[in-house]
Amino acid sequence: FSGREPCPARILDDIGGAFSMGAVGGSIWHSVKGFRNSPKGWSNSFKGSLEAVKARGPVVGGNFAVWGALFASFDCSFAALRHKEDPWNSIMSGAATGAVLAARAGPKAAGKNALMGGVLLAAIEGLGIMITKMTAPPMPTADDFAAQGAQDPLAPPSASLFPSSGSSGGGGGMSDLFGVGAPGSENDPEFSLDSDFSPTDPGNSMLDPAPSEPKKKGWW
């Protein structure tokens, strides 16, 4: 679902896609049908095919666009009500769309079309999930990481990464892990004293001696 447009832009996107699919598919279907039902002769066959495409192609595209508009509207409505995006939204949207399109034929026809729409969308969603699982790469195992010389990111941290200070070899810790000495040691780049350090240096304002009182001028 991450590749789909967010609502309500999804409605316009589905309307355009459904119309294009219906117009192209309907044009191909009616071009063949018009070619076969035309009088004998190549010119008559091509003319009949073109007339059938002009008459029926946009109609099929419009029917697909209506179906796409209803489906996308129901899909966005269910997503807003349930606060989640999952295959159940598409299945319920297909059932609701089939019921609305057949509502003029009576409740029996509406229920039948709702069942067909729900089953059709369930089959499409199930097929999509199955294809996704079949084409997805397998999860790497610990042996795969070991063969590549990499560490498993899901494995717990090793104790060797954090040596204790009481171990033999001069002690260690987080400072050894990052290659820095303890604060105030000779290996510490931040807290070591400079050899040219002087307390009287004007730049060392923290260690400057206290300023003397200003000399009094006059008799007061």
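Two residues are in contact here when heavy atoms of one lie within 4.5 Å of heavy atoms of the other. With that in hand, welcome to a set of close-ups from a predicted model.

**Figure 1. Ser93 sits buried in helix α3.** Leaving aside residues up to four places away in sequence, Ser93 touches Phe71, Phe74, Asp75 and Phe78. Its relative accessible area is 0%, and a residue counts as buried under 20%, so Ser93 falls in the buried class. Phe71, Phe74, Asp75 and Phe78 belong to α2, and they are among the residues of that helix that meet α3. The next view takes in the rest of that contact.

Figure 2. Helix α2 covers residues 42-82, and its axis comes within 8 Å of the axis of α3. The crossing of α2 past α3 is right-handed. From α2, the contact draws on Val66, Trp67, Leu70, Phe71, Phe74, Asp75, Phe78, Ala79 and Arg82. Facing them from α3 are residues including Trp88, Met92, Ser93, Ala96, Val100 and Leu101. Sorted by class, this contact of α2 with α3 holds twelve nonpolar, five polar and two charged residues.

**Figure 3. Helices α3 and α4 run roughly antiparallel.** Here α3 packs with helix α4 (residues 107-135), their axes 7 Å apart and at an angle of about 150°. Angles over 145 degrees count as roughly antiparallel, so the pair falls in that class. This crossing is right-handed. On the α3 side the contact is made by Pro87, Ser90, Ile91, Gly94, Ala95, Gly98 and Ala99. Across from them, α4 contributes residues including Ala110, Asn113, Gly117, Gly118, Leu121, Glu125 and Ile129. The tally for the contact of α3 with α4 is nine nonpolar, six polar and one charged.

**Figure 4. Helices α1 and α2 pack roughly antiparallel.** Helix α1 spans residues 9-37 and packs against α2 with the axes 5 Å apart, at an angle of about 155°. The angle is over 145 degrees, so α1 and α2 are roughly antiparallel to each other. α1 passes α2 in a right-handed crossing. The contact of α1 with α2 has 19 nonpolar, 14 polar and four charged residues.

**Figure 5. Phe46 is an exposed residue of helix α2.** The relative accessible area of Phe46 is 52%, and exposed means over 50%, so Phe46 belongs to the exposed class. Look for Phe35 as well: Phe46 and Phe35 are eleven residues apart in sequence, and their C-alpha atoms lie 6.2 Å apart in space.

Figure 6. For the chain, the mean pLDDT is 77, and 65% of the residues reach 70 or more. Of the 220 residues in the chain, 21% count as buried. Among contacts between residues at least 6 apart in sequence, 44% join residues at least 24 apart.

Methods. Residues are numbered from 1 along each chain as its sequence is written. This is a predicted model: local features need pLDDT of at least 70, side-chain atom pairs count only at pLDDT 80 or more; totals for chains, interfaces and linings use all residues. Side-chain values use heavy atoms; hydrogens and water are left out. pLDDT is the predictor's confidence in each residue, from 0 to 100. Axes are lines fitted to C-alpha atoms, for helices over the stretch in contact, and angles run from 0 to 180 degrees between N-to-C directions. Helices (H or I, at least four residues) and strands (E, at least two) are DSSP runs, numbered from the N terminus. A crossing is left-handed if the near helix is turned anticlockwise from the far one by less than a right angle, and right-handed if clockwise. Ala, Val, Leu, Ile, Met, Phe, Trp, Tyr, Cys and Pro count as nonpolar, Asp, Glu, Lys and Arg as charged, and the others, Gly among them, as polar. Buried means under 20% relative accessible area, exposed over 50%, partly exposed in between (1.4 Å probe, protein chains only). Angles under 35 degrees count as roughly parallel, over 145 as roughly antiparallel, 65 to 115 as roughly perpendicular and the rest as oblique.
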